[in-house]
Amino acid sequence: TKAVEIQPDHPLANANLLFNTCWSNNNNKYLKIAKKYYEAIPKYDEKELINYKAPSKKILKVGFISGDFRNHSVMFFLLETLKYLRKKEIKLFAYSNNSNEDDFTKLIKQYFDNWKLVIHKTDKDLINLIRKDNLDILFDLSGHTANNRLTVFKNRCAPVQATWCGWLASTGVKEIDYIIGDKYATPLSDQIKFTEKIYQLKKIWQCSSISNLDFKVPFVQKNDEKHVIFGSFVNTIKINETVVNVWSKILNQIPNSKLFLKCNSFDIPEIRKKFIKKFDNNKVNKNQLIIEGKSSMVEYLDCYNKIDIVLDTFPVGGGAPGFEASYMGVPILTKINEDSFQFRIGESINKNLNMSEWIARDQDDYVQKAVKFSENKNHLINLKIELRNLALKSSLFDSKNYSNDFYEMLLNIKK
């Protein structure tokens, strides 16, 4: 906030303020800050830029610009979608804004017809580079997260520009025409929260690549704990004071219940201590908390076997962890978030799983549902196997059908 006060037209300071506002419990200033961010982006004179030609009518040319073509949650939503998508009449272009490459980078490279590393390119050079490729559609996959190149979209690099997958809120960039959602994550009544036009995919806004989970999958196992264990494996940035207060009410109402928190940042002792203190202030004994940091993907997925119910965060819910929990058969208790400028992630996941009774109306209903669902531990144990089977057949993991919907969307939005 200070940096923006000192230099109101500083794009990075505005972007950082926007990023942090999104996670706060009251993010109703989000679009105002997004507008300031947009106004701070320089726009180049068209005389200094290459004109893009009208793309060929025969084959669709689609570009994706991201800082996350690596071991990152965005990658797990891309892998199988692109695998099926490239079988259509389409040419796929990648503009990678991260020089850190790993095994996942190698894996995804094979699905693109054209791959360019663009991290060292200036905005002007990058605009010209993309314009030379004469795309039909350019996607932003990073939003306001690290290594994004949102600023190039202001000069329009393609006739149609869209944002999808990496940032589940408005970018604030007026030249981005569409944000890709679905009828549950982005109901049309939420259009006022976005500068982009909402495009609703038929079932779900994104689909997780099951191959990423399958080759290292622990079986869904019954946990023998007598008492209920709640869990949340989201980034600690999403666990705000209100969430801690509400979760504490649940733990205080259910004798011997526990909460399992897992996130890489818990490897930092100060963060671990801070969270223990926050719960202690709400009369939650530290013996009721299980706190873990980073682990391998196999161990991480196996941790879902130790919990009975996932407690979703608000106003911003868990993205990738929601798909992982469903894959491991753990029900998610989520809440309607009318005031959030983010996608309604938990609502979309639960509605796609026919789990609407696990969507709370408000904070009181959330606490009541947590208490009610905890009363029958046997039911929770049996629900896991049912939910796992249901999830595997659902749109959350059906990449083949999802890629068909995605391709249809491309044909609908191209000019």
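Buried residues make up 59% of the 415 residues in this chain. Please keep in mind that the model is a predicted one. Its secondary structure comes to 15 helices and 13 strands, and the radius of gyration is 22 Å, close to the 22 Å that the globule rule gives for 415 residues, so the chain is as compact as a globular protein of that length.

**Overall build**

- Along the principal axes, the C-alpha trace spans about 70 × 50 × 40 Å.
- The accessible surface of the chain comes to about 18200 Å², and carbon and sulfur atoms hold 50% of that surface.
- Of the contacts with a separation of 6 or more, 73% are between residues 24 or more positions apart.

- Strand E6 covers residues 178-182, and five of its five residues are buried.
- In a regular strand, side chains alternate between the two faces of the sheet.
- Both faces of E6 are covered: Tyr178, Ile180 and Asp182 are buried on one side, while Ile179 and Gly181 are buried on the other.
- On the E5 side, strand E5 (residues 160-163) pairs with E6 in the parallel sense over two bridges. Here Thr163 has Ile179 of E6 as its bridge partner.
- On the E7 side, five bridges join E6 to strand E7 (residues 197-201), and these two strands also run parallel. Gly181 stands opposite Gln200 of E7.

**Helix H12**

- Helix H12 spans residues 345-352 and is mostly covered, with seven of its eight residues buried.
- The buried residues of H12 are Ile345, Gly346, Glu347, Ser348, Ile349, Asn350 and Asn352.
- What do the buried residues of H12 pack against? Their packing partners are strand E6, helix H11 (320-327), strand E12 (332-335) and strand E13 (359-360).
- This links the helix to the strand described above: E6 is mostly covered, and the buried residues of H12 pack against E6.
- Just after H12 comes Asn354, which takes a positive phi of about 55 degrees.

**Cysteines**

- How many disulfides does a search of the whole structure find? The search finds zero.
- Cys157 is in no disulfide, and the nearest cysteine sulfur, that of Cys165, is 20 Å away. For a disulfide, the two sulfur atoms would have to lie within 2.5 Å.
- Cys157 has a relative accessible area of 1%, so it counts as buried.
- Cys165 is in no disulfide either; the nearest cysteine sulfur to it belongs to Cys207 and is 11 Å away.
- Cys165 counts as buried too, because its relative accessibility is 7% and the cut-off for buried is under 20%.

**A residue in a loop: Ile268**

- Where does Ile268 sit? Its place is in the loop between strand E9 (258-262) and helix H9 (269-280).
- Ile268 is partly exposed, with a relative accessible area of 40%. That value falls between the 20% and 50% cut-offs, which is why the residue is called neither buried nor exposed.
- Ile268 and Ala185 are 83 residues apart in sequence, and their C-alpha atoms are 33 Å apart in space.

Notes: Residues numbered from 1 in each chain as written. Predicted model: local features only at pLDDT ≥ 70, side-chain atom pairs only at ≥ 80, totals over all residues. Heavy atoms only, no water. Buried < 20%, exposed > 50% of the residue type's maximum accessible area, 1.4 Å probe, protein only. Helix = DSSP H or I, 4+ residues; strand = E, 2+ residues; numbered from the N terminus. Pairing = 2+ DSSP bridges. Contact = heavy atoms within 4.5 Å. Rg over C-alpha atoms; globule rule 2.2 N^0.38 Å. Areas by Shrake-Rupley, 256 points an atom, 1.4 Å probe, with all protein chains shown as cover.
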